[in-house]
Amino acid sequence: MNPAAPIPAEDAPEGAFKARHALLKRLADVVSLPASRINAFERAVTGDLLVEMLRLAAPEERRRVAARLAPLSELPNSLARLLLRDEPDIAGLLIEQCASLTDADLVGCARDTGIEHRLMLAGRRGLSEMVTETLVETGEPAVIEAVLKNANARLSHGAIETAVAASRTAPGLCPLLLRRPELRPSGAYAMFWWCGSDDRRTILQRFAVSREVMQEVVDDVFPMAAAENWQDPVSRKALQFIERRQRNRAAIAKSPFASLEDAVQAAASQGLDRDIAAEISYLAGVKPLTGAKILGDIGGEPAAILCKATGLEKSDLRALWRSMRRPEVDAAGALDPAWERVQTTFDMLAVDRAQTVLRYWNWSLSSAITPALLRAIREGDDLSIDEYSTPERTAMMALAQDFGR
């Protein structure tokens with residue numbers, strides 16, 4: 001038997017219940033005395049004795065003691081540890097009312113108990129980043145949902161990333177994540193691939209930011225990099241993200257098409273095959289992997305972002321939509337909802353903001369891709385991902401869907 005587990009009432013000695021009840025009450029009273037009446041060592045010793053008695057006490061007796069101790073500003077660690085691991089209705093008295101519980105107490109409770117305890121913990125006021133990260137790491141959608149709904153909880157960047165990853169299989173978390181002030185563009189852009197149309201609209205309205213400030217600050221760096229013949233891969237990748245031009249002018253010289261518009265029109269007339277899709281990607285300044293993800297998206301909004309970011313007209317968007325064999329009208333002859341949504345996405349975005357989204361996708365979905373990362377994505381091996389690399393983490397989340405995970 002677990003020495004910390006309470007012993008059922010029927011196993012307790014008979015004929016001592018009145019004395020036990022009185023003794024439990026008195027010891028709880030001693031523990032509750034103010035610091036002017038009892039020092040920390042006396043409180044700790046009394047707490048240890050109370051723990052031994054509570055292990056042999058009936059649930060109702062433990063509940064009464066928990067109710068008596070919950071308001072305390074100082075609670076012996078041994079008592080907190082025992083009662084937090086008790087039955088949910090007993091532990092809940094401390095979880096909901098005891099302000100003196102430390103982060104260590106709450107983390108231990110989250111790790112050593114069941115989902116009922118964790119759900120109560122998730123709703124506790126003033127949860128710190130340490131506690132919420134522990135709760136979110138359990139991967140339990142109901143617990144993550146409760147944490148995200150807790151407006152008084154603080155979430156770490158790691159907890160937000162874990163919740164974003166969990167939203168792949170629990171889409172109900174997406175709107176909750178979008179209400180959290182801790183969510184950053186990296187998480188929102190990754191979540192875009194699997195969230196619903198309303199959430200996608202929210203992401204674009206809130207996170208499709210301009211790069212104007214960055215462009216102004218590094219304007220004189222471009223000539224420096226050009227003078228060095230763009231030999232430094234670190235600065236080259238960063239400047240490619242910041243620069244104003246989206247289309248790849250160097251790709252036009254190698255392409256069988258005269259322009260990006262020509263490639264899109266060819267796709268509309270011939271059908272969108274792998275070769276034309278790759279050419280569209282190159283001409284648009286993105287890697288084929290990014291282009292495939294965009295053109296294969298069921299919702300269609302990424303195609304609108306691609307067209308707006310590259311300066312294509314709405315007629316080109318229509319041609320690209322047709323090349324993807326997507327309907328423009330429904331069975332009743334009305335405008336197809338998906339096509340209407342895609343046009344709205346095209347109209348609502350400024351070119352610079354569309355470029356930010358497109359380049360972030362390309363940066364995360366291609367610049368960080370290595371054979372080792374692809375293997376980790378296929379195998380779902382999160383431990384192989386560099387914890388400091390935003391592109392690797394974003395690629396892991398966004399591409400995991402394509403590998404059936």
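Biologist: What makes a set of residues here a nonpolar core, and which members touch the most others in the largest one?

Modeller: A nonpolar core is a set of buried Ala, Val, Leu, Ile, Met, Phe, Trp, Tyr and Cys residues joined through side-chain atoms within 4.5 Å. The largest has 112 residues, and L50, L69, M191 and W361 touch the most other members. Please keep in mind that this is a predicted model, where local features need pLDDT of at least 70 and side-chain atom pairs pLDDT 80 or more, while totals for chains, interfaces and linings use all residues. Residues are numbered from 1 along each chain as its sequence is written, and side-chain values use heavy atoms, leaving out hydrogens and water.

Biologist: Which residues does M191 touch?

Modeller: Contact means heavy atoms within 4.5 Å. Leaving aside residues up to four places away in sequence, M191 touches V164, S167, C174, L177, L178, L183 and I203.

Biologist: Why is R180 called buried?

Modeller: Buried means under 20% relative accessible area, exposed over 50%, and partly exposed in between (1.4 Å probe, protein chains only). R180 has 5% relative accessibility, so it counts as buried. You will find R180 in the loop between α11 (173-178) and α12 (185-191); helices are DSSP runs (H or I, at least four residues), numbered from the N terminus.

Biologist: What makes the approach of A153 to R180 a polar contact?

Modeller: A polar contact is a pair of N or O atoms within 3.5 Å; within protein, one must be able to donate a hydrogen and the other to accept it, and residues adjacent in sequence count only if both atoms are side-chain atoms. The backbone oxygen of A153 lies 2.7 Å from a polar atom of the R180 side chain, so the distance falls within the 3.5 Å limit.

Biologist: How do you know that D89 and R63 form a salt bridge?

Modeller: A salt bridge needs a side-chain nitrogen of Lys or Arg within 4 Å of a carboxyl oxygen of Asp or Glu. For D89 and R63, the closest N and O atoms are 2.5 Å apart. This pair links distant parts of the chain: D89 is in helix α5 and R63 in helix α3, 26 residues apart.

Key: Helices (H or I, at least four residues) and strands (E, at least two) are DSSP runs, numbered from the N terminus.
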